[in-house]
Amino acid sequence: MEIVPGLHRLRTPMTSKALPWIMPYAFEGPDGVSLFDSGYGTPEASEWLTQQLHGIGYQPSDIRRLIVSHGHPDHIGMAGWIKEQSPHCELVMLGREAEWFHDMRHGPSEFMDRTGGWLVRHGVDPDEAKEAFRRASAEHSSGDDNQDSGDVSTETERRSWSMPSVTADVRLEDGDVLEFDNWKLEAVWTPGHTPGHLCMFEQQHQLMLTGDHVLSRITPNVSLGDQDERAGRRPLAEFLDSLKKVAAYDTKLALPAHEDVIDDLPARCATIARHHDDRLDEVYEGIDDDGSTAADVSAEVTWNRPYETFNVFKKRSALGETLSHLQLLEEHGRIARQDDDGVVRWQRV
Ligand SMILES: [Zn+2]
């Protein structure tokens, strides 16, 4: 699909039924093509990209630069393969995201160790946390068969989460304008979904490339994890500010990484902000009169599927999402935290 002359919306497959595609955006140039986001590091995804590039007259070896919105595997996973096909391709990221991506890649075992403690601190049963840690370690160690892990069911799914060994060649700062061929893209730092999430504003046609920050139907996961807690991050507050930030641009059309294009970006941002307001109330109501842990609250609030059916990974991400809301409620003075023998409990005030 050609959005404006020379800018194409491509697609590569995901492994999720709920979110079947990721859309890379291809900017044509006289001596090659530049991409915003790519796809998983799977043969299926790279085969799709190859076909789609052929459709607009390019090959993978013509990719001059890959700009990624953030360091999740469906956006950056294919970067290693792209660099093999096109060794001079530049990987462009926001500097903040490049740091975060580096930390994620280079400390998995330590990261997982701490995650176990984090789960227990927020009310997950220690035996369950140990099991989560065991499975997560299996997931992260390379070359194992994962046969006993019911969560990582197929080889394809496992590979789809593998992260490429790449580092950013170009690190952008908020407000930088990236110029190439006839394109001018302004970097818009939109922390929330990840610490260094990048949207890009295409100035000539007033298009906002939103990555995962704003999608047309679902809302991105905004989580407070162990790493975020230690870094003093406020993901939900940051995310809500980032919604206002992109809404303030005079955008003709927003181009997200999944689902449909968005005609009215400010309206969509307002809807997502309202969703989080409702969610804050629901999390508040989910706290017992005599206090609750974040794990207790997670089990109380509604999810797209029943909480009881969640595996340890889903529970971990539900917990992170609940915590980002608890953190903001605390900031608003509606709740307070208590340390109960190493376990954090929340109380309405
Ligand atoms: Zn993402």
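Arg-268 sits in helix α10; helices here are DSSP runs of H or I with at least four residues, strands are E runs of at least two, and both are numbered from the N terminus. The model is a predicted one, so local features need pLDDT of at least 70 and side-chain atom pairs count only at pLDDT 80 or more, while totals for chains, interfaces and linings use all residues. Residue numbers start from 1 along each chain as its sequence is written.

With 21 C-beta neighbours inside 10 Å, Arg-268 comes out as buried. The cut-offs are 20 or more other C-beta atoms within 10 Å for buried, 12 or fewer for exposed, and partly exposed in between, with C-beta atoms placed from the backbone. Leaving aside neighbours within four places in sequence, Arg-268 contacts Val-214, Ser-216 and Ile-262, a contact being two such C-beta atoms within 7 Å. Ser-216 is 52 residues away along the chain, yet its C-alpha atom is 7.2 Å from that of Arg-268.

Next, the packing of α10. Helix α10 (residues 265–285) packs against helix α12 (residues 312–331) at about 90 degrees, with the axes 9 Å apart. The axes are lines fitted to C-alpha atoms, for helices over the stretch in contact, and angles between N-to-C directions run from 0 to 180 degrees. That makes α10 and α12 roughly perpendicular: the label covers 65 to 115 degrees, with under 35 roughly parallel, over 145 roughly antiparallel and the rest oblique. On the α10 side the contact involves Arg-279, Leu-280, Val-283 and Tyr-284, which meet Thr-322, His-325, Leu-326, Leu-328 and Leu-329 of α12.

The largest nonpolar core has 80 residues, and Tyr-25, Leu-66, Met-200, Met-208 and Val-246 have the most contacts inside it. Such a core is a set of buried Ala, Val, Leu, Ile, Met, Phe, Trp, Tyr and Cys residues joined through C-beta atoms within 7 Å. Its largest share, six residues, comes from α12. Not counting residues up to four places away in sequence, Tyr-25 touches several residues, including Leu-7, Phe-36, Leu-209 and Leu-255.

Most residues other than glycine have a negative phi. Gln-206 has a positive one near 55 degrees, in the loop between β12 (198–202) and β13 (207–211), and is partly exposed with 13 other C-beta atoms within 10 Å. Asp-341 also has a positive phi, of about 55 degrees; it lies in the loop between β15 (335–340) and β16 (343–348) and counts as exposed, with 5 C-beta neighbours inside 10 Å.
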